Amino acid sequence: MLHRIDDRLIHGQVVVGWGRPLGVGFIALVDDTVAASDWEQELYRMGVPPEMTLYFADFSAAEREHPKWESDSRPGIVLTADIGTMARLAASVPVTEVNLGGIHHAPGRTQRLRYVFLTPEEEQSLRDLAERGVRIFAQDVPGGKPVELGDLL
């Protein structure tokens, strides 16, 4: 199961770029705001093919459902929009790897890659995750070269 941080959440790179090569059967979108918004969920559903299951979970539901997602025989993607949510999730459920897929420009962020911009606090959060044994790597698409956290910062 791929754990991915991408501030655009569901879009072509996730559904087609990662979904097809990995044969993804489900995406679990972990976001408190989206989980509480029927119209946002409907928008995201329109971007996912019918054969792919899309789960919406707030943080508490993600903690509860993560074991079920992990035991699913289909490959899946657990997707958060931000580092903080993924770090909280990794503190409460088993996460061995985190893919940085797209963290775009915002005030206070410094460009690390074409598709990864980080604040000093976000960098520290990633370092903390790595110190807990989580592999952190940036890779926008499966054919792209993975960039390990040590090379990124």
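A salt bridge is a side-chain nitrogen of Lys or Arg within 4 Å of a carboxyl oxygen of Asp or Glu. In this predicted model, Arg-4, Asp-6 and Arg-8 are linked in a network of such salt bridges, and the structure holds 10 salt bridges.

**Exercise 1.** Determine how Glu-65 and Lys-68 are placed relative to each other in helix H4.

*Solution.*
1. The two side chains form a salt bridge with an N to O distance of 2.9 Å.
2. Helix H4 covers residues 59-71, and Glu-65 and Lys-68 are three residues apart within this helix, so about one helical turn separates them.
3. Glu-65 has a relative accessible area of 25% and is partly exposed; Lys-68, at 44%, is also partly exposed.

**Exercise 2.** Identify which parts of the chain are tied together by the pair Glu-123 and Arg-112.

*Solution.*
1. A salt bridge joins the side chains of Glu-123 and Arg-112 at 2.7 Å, N to O.
2. Because Glu-123 belongs to helix H6 (residues 120-131) and Arg-112 to strand E6 (residues 110-113), the pair ties together parts that are 11 residues apart in sequence.
3. Buried means under 20% relative accessible area. Glu-123, with 9%, is therefore buried, whereas Arg-112, with 31%, is partly exposed.

**Exercise 3.** Classify the accessibility of Asp-72 and of Arg-74.

*Solution.*
1. Asp-72 and Arg-74 form a salt bridge in which the closest N and O atoms are 2.9 Å apart.
2. The relative accessibility of Asp-72 is 23%, so Asp-72 counts as partly exposed.
3. Arg-74 has a relative accessibility of 29% and likewise counts as partly exposed.

Methods:
Residues are numbered from 1 along each chain as its sequence is written. This is a predicted model: local features need pLDDT of at least 70, side-chain atom pairs count only at pLDDT 80 or more; totals for chains, interfaces and linings use all residues. Side-chain values use heavy atoms; hydrogens and water are left out. Helices (H or I, at least four residues) and strands (E, at least two) are DSSP runs, numbered from the N terminus. Buried means under 20% relative accessible area, exposed over 50%, partly exposed in between (1.4 Å probe, protein chains only).
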